[in-house]
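Please open the structure in your viewer, with the sequence panel beside it, and follow the stops below in order.

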Amino acid sequence: MTTNVQIYEALKELGMPLSMTGYPYIARAVQMCLEEPEYTSRMTPVYSLLAKDYGVSVNTIVRNIAYCIQTTLKNSAKLEEYFGIRNSYADIKPNEFLAGVCEHIRMRQEDSEDEFQGK
């Protein structure tokens, strides 16, 4: 399974509406964070690169990502699986959201490699 498919599956499993403007920004941000894990601690370069890639302002990227994440956090039944047990999921920041999704994808990749190797 390709990384793009894994990202799509993870975001879909979380209940993120694919029709939202922020979805492609988040999907690309997850891909960037999988390639460069340090991006999950510093969102400014991610926002800047996305704005450049999509030809929109950084403010547009930030606003659409935040709204898409908020919508997903309100409607998802899988938050504990991705982000652990918390008192409130409403306060998850974008970098925490991306880190949780990336970690979930990495764990699934490891599990499928173990299955492939017969472990």
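This is a predicted model: local features need pLDDT of at least 70, side-chain atom pairs count only at pLDDT 80 or more; totals for chains, interfaces and linings use all residues.

If you show the surrounding residues and leave aside the neighbours within four places in sequence, you will find M43 in contact with P94, N95 and L98. For a sense of distance, select Q109 as well: M43 and Q109 are separated by 66 residues in sequence and by 24 Å in space, C-alpha to C-alpha.

## Stop two: T40 in the loop

Next, move to T40, which is found in the loop between α2 and α3. Is T40 buried or exposed? T40 is buried, its relative accessible area being 18%. Display the side chain of T40 and you can follow it to the backbone oxygen of P37, which it reaches at 2.9 Å. Apart from its neighbours within four places in sequence, T40 is in contact with C33, N95, L98 and A99.

## Stop three: α2 against α4

Now colour α2 and α4, whose axes lie 8 Å apart and which pack at an angle of about 95 degrees; the two helices are therefore roughly perpendicular to each other. To see where they meet, select G22, Y23, Y25 and I26 in α2 together with I61, N64, I65, C68 and I69 in α4.

Stay with α4 and select its buried residues, which are T60, I61, N64, I65, C68, I69, T71, T72 and L73. A distance drawn between the end C-alpha atoms of α4 comes to 26 Å, which agrees with the 26 Å that its 18 residues should span at 1.5 Å a residue.

## Stop four: the largest nonpolar core

Finally, turn to the largest nonpolar core, which holds 36 residues, and select L11, I26, V30, F83, F97 and V101, the members that touch the most other members. The elements giving two or more residues to this core are α1 (3–14), α2 (22–35), α3 (43–54), α4 (58–75), α5 (79–83) and α6 (94–116). Which helix gives the most to this core? That is α2, with nine residues. In soluble globular proteins, nonpolar side chains tend to be buried together.

Notes. Residues are numbered from 1 along each chain as its sequence is written. Side-chain values use heavy atoms; hydrogens and water are left out. A nonpolar core is a set of buried Ala, Val, Leu, Ile, Met, Phe, Trp, Tyr and Cys residues joined through side-chain atoms within 4.5 Å. Buried means under 20% relative accessible area, exposed over 50%, partly exposed in between (1.4 Å probe, protein chains only). Helices (H or I, at least four residues) and strands (E, at least two) are DSSP runs, numbered from the N terminus. The expected span of a helix is 1.5 Å times one less than its number of residues. A polar contact is a pair of N or O atoms within 3.5 Å; within protein, one must be able to donate a hydrogen and the other to accept it, and residues adjacent in sequence count only if both atoms are side-chain atoms. Contact means heavy atoms within 4.5 Å. Axes are lines fitted to C-alpha atoms, for helices over the stretch in contact, and angles run from 0 to 180 degrees between N-to-C directions. Angles under 35 degrees count as roughly parallel, over 145 as roughly antiparallel, 65 to 115 as roughly perpendicular and the rest as oblique.
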